[in-house]
Amino acid sequence: MNKEKSEEIFRRLSIAIPAPKTELNHNSVFELLIAVILSAQATDKGVNIATAKLYPVANTPSAILALGIEGLERYIKTIGLYHSKAKNVLATCERLIEVYGGEVPRTREALESLPGVGRKTANVILNTAFGEPTIAVDTHIFRVGNRTGLGRGKTPLAVENKLMKIVPKAYMKDAHHLLILHGRYTCVARKPKCDECVILDLCEFKGKVVA
């Protein structure tokens, strides 16, 4: 993959997806943080259903802490791994209050110090909430990166490092959501919709499915 091809891929994706953004519903950085923690190994749709009931009742660190473990679990029990996620959310709320004055910190080091927040979640917050040029490699970006040739690697970190080098500067802020949405709706896992793909001729995937 060369820079010219990468430039053209992102130019076309930015036209096909003119408003790339997260599909996790939120009205504050804190709500986004909790939604991202809950989204691990879960769908955005499932998380949105749960937070639509949770946030009207509790959408601040102190309010969620006040729910307690059983109270919080009642709202998120439809999400996979909800018990461990509830513990992490409560521990994160406690740390936000004790260390960060109830605010979500905006540095990687501080974010990754929060329970349940790893590199991927920190990258989502840095990019979506604070506009930093980061790429959170989830299952969609991992697949798209390897298929297209934009960022091949055996681990999410390897793919992230490759993408950070090949993504044109002009598209760095939106690359995260452009790749996720392309993977979620076009370059899907089992039967990629190559006939509908705007970067078909540029993609280096050997298993292209073209009628």
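Let me start with the nine salt bridges that the structure holds, a salt bridge being a side-chain nitrogen of Lys or Arg within 4 Å of a carboxyl oxygen of Asp or Glu. Please keep in mind that this is a predicted model, in which local features need pLDDT of at least 70 and side-chain atom pairs count only at pLDDT 80 or more, while totals for chains, interfaces and linings use all residues. Residues are numbered from 1 along each chain as its sequence is written, and side-chain values use heavy atoms, with hydrogens and water left out.

The secondary structure comes to 10 helices and zero strands, where helices (H or I, at least four residues) and strands (E, at least two) are DSSP runs numbered from the N terminus.

One of the salt bridges pairs arginine 184 with aspartate 44, with 3.2 Å between the closest N and O atoms. Arginine 184 sits in helix α10 (residues 172–185) and aspartate 44 in helix α3 (residues 44–54), so this pair ties together parts that are 140 residues apart in sequence. Aspartate 44 is buried at 15% relative accessible area, whereas arginine 184, at 22%, is partly exposed; buried here means under 20%, exposed over 50%, and partly exposed in between, with a 1.4 Å probe and protein chains only.

Another salt bridge joins glutamate 204 to arginine 152, the closest N and O atoms being 3.4 Å apart. Glutamate 204 belongs to the segment after α10 and arginine 152 to the loop between α8 (139–148) and α9 (156–166), so parts 52 residues apart in sequence are tied together. Finally, salt bridges with shared partners join Glu8, Arg11, Arg12 and Asp201 into one network.
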